[in-house]
Amino acid sequence: MRSLIPAILSWGLAAAPSLADGASLQQVTEDFGPNPRNVGFYIYVPERLAARPAVLVNPHWCHGDARACHAGSRYADLADRHGFVVIYPDSPNTADKCWDVSSRDTLTREAGGDSLGIASMARWALDRYGGDPRRVFVTGISSGAMMTSVLVGAYPDLFAAGSAFSGVPYGCFAGDGFGVWSDACATGKVTKTGVEWAAMVEAGYPGYDGWRPKMQIFHGTRDEVLNYTNFGEEIKEWTAVFGFSETPTSTTPDTPVEGWTRAVYGDDDWFEAFSAAGVSHDIENQEDTVMEWFDLACTEDCFGWGQGGPIEQKVRTDDNQGAP
């Protein structure tokens with residue numbers, strides 16, 4: 001896979017600390033579960049953990065790595081404040097450090113690929129640190145955004161929510177191999193109906209008809225690497241997965257940044273999309289907005305897996321209809 005974004009290196013590569021200097025940033029080298037692609041596992045554990053800490057997975061961008069991702073955002077500092085664990089996976093693709101978001105293995109639950117290794121990391125962290133299995137989240141930028149969508153789509157029973165910056169729809173890069181670059185997808189030439197996109201997500205976990213994680217996406221209108229068309233395709237995909245209309249229920253200008261517009265779809269604020277006017281692929285991370293979406297500052301009665309959303313509403317409706 002070719003380079004996604006040279007400019008993204010400015011997010012922290014030069015300032016990335018060594019492991020010895022990285023507070024509680026550590027590499028996990030013990031066996032942590034199935035990891036067929038040998039994805040690297042780095043973890044940040046604050047000195048003061050919450051009683052049942054949430055787990056945040058933060059996959060890096062192309063040409064980045066786990067240490068750069070740790071240095072290039074505020075999530076470790078926020079973990080110190082709120083007591084959650086942060087996992088920074090490290091791509092095994094030494095050519096360009098992009099993620100496998102193309103292979104059938106990675107796009108299918110428990111089948112292999114990079115996604116299985118990352119899922120194993122989350123499960124290991126839950127077990128090791130007594131984490132809350134209802135509060136596992138994932139966010140990333142660029143290739144990390146693509147992996148975010150893969151994990152939310154293929155592992156809906158593990159992740160409670162995702163937040164993707166400058167990504168593409170789940171399955172858009174699908175191809176024969178672990179490092180496929182799809183020029184067609186990148187340039188906005190892959191378009192489908194919502195039903196077609198949703199079928200790809202559903203194929204990620206065949207037979208699954210349970211609760212679906214909520215989703216948040218961001219995209220710049222002048223993205224020169226992953227065409228802005230992908231933003232509209234993502235909206236079609238996730239609204240179809242959730243059974244929502246493609247027409248937003250509300251829009252809010254200048255949120256969270258001047259010139260950005262937030263659109264909410266369906267009920268329960270389950271899917272929201274931020275269009276960033278005039279912004280390139282080098283989109284600015286919005287940690288505070290993501291933290292709020294995941295409810296990561298919460299200490300009790302927090303948002304978690306299985307709580308709210310269209311699937312829970314459907315189950316309640318079906319139960320009521322079946323009641324005597």
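These questions and answers cover a strand sheet and helix packing in a predicted model.

Residues are numbered from 1 along each chain as its sequence is written, and side-chain values use heavy atoms, with hydrogens and water left out. Local features need pLDDT of at least 70, side-chain atom pairs count only at pLDDT 80 or more, and totals for chains, interfaces and linings use all residues.

Me: Which strands are the edge strands of the open sheet?
Reply: The sheet has 10 strands, in the order E1-E2-E4-E3-E5-E6-E7-E10-E9-E8, with mixed pairing. Strands (E, at least two residues) are DSSP runs, numbered from the N terminus, as are helices (H or I, at least four). Two strands pair if DSSP finds at least two bridges between them. Each edge strand pairs on one side only: E1 (25-27) and E8 (250-253).

Me: What is the bridge partner of Leu-56 in E4?
Reply: Strands E3 (residues 55-57) and E4 (residues 85-90) pair in the parallel sense over 3 bridges. In E4, the partner of Leu-56 is Val-86.

Me: Are H3 and H4 roughly parallel or roughly perpendicular to each other?
Reply: Axes are lines fitted to C-alpha atoms, for helices over the stretch in contact, and angles run from 0 to 180 degrees between N-to-C directions. The axes of H3 (residues 113-129) and H4 (residues 143-154) come within 10 Å and cross at roughly 75 degrees. Angles under 35 degrees count as roughly parallel, over 145 as roughly antiparallel, 65 to 115 as roughly perpendicular and the rest as oblique. H3 and H4 are therefore roughly perpendicular.

Me: Which residues of H3 and H4 make the contact?
Reply: Contact means heavy atoms within 4.5 Å. H4 supplies Met-147, Val-150 and Leu-151, and H3 supplies Asp-114, Ser-115 and Ile-118.
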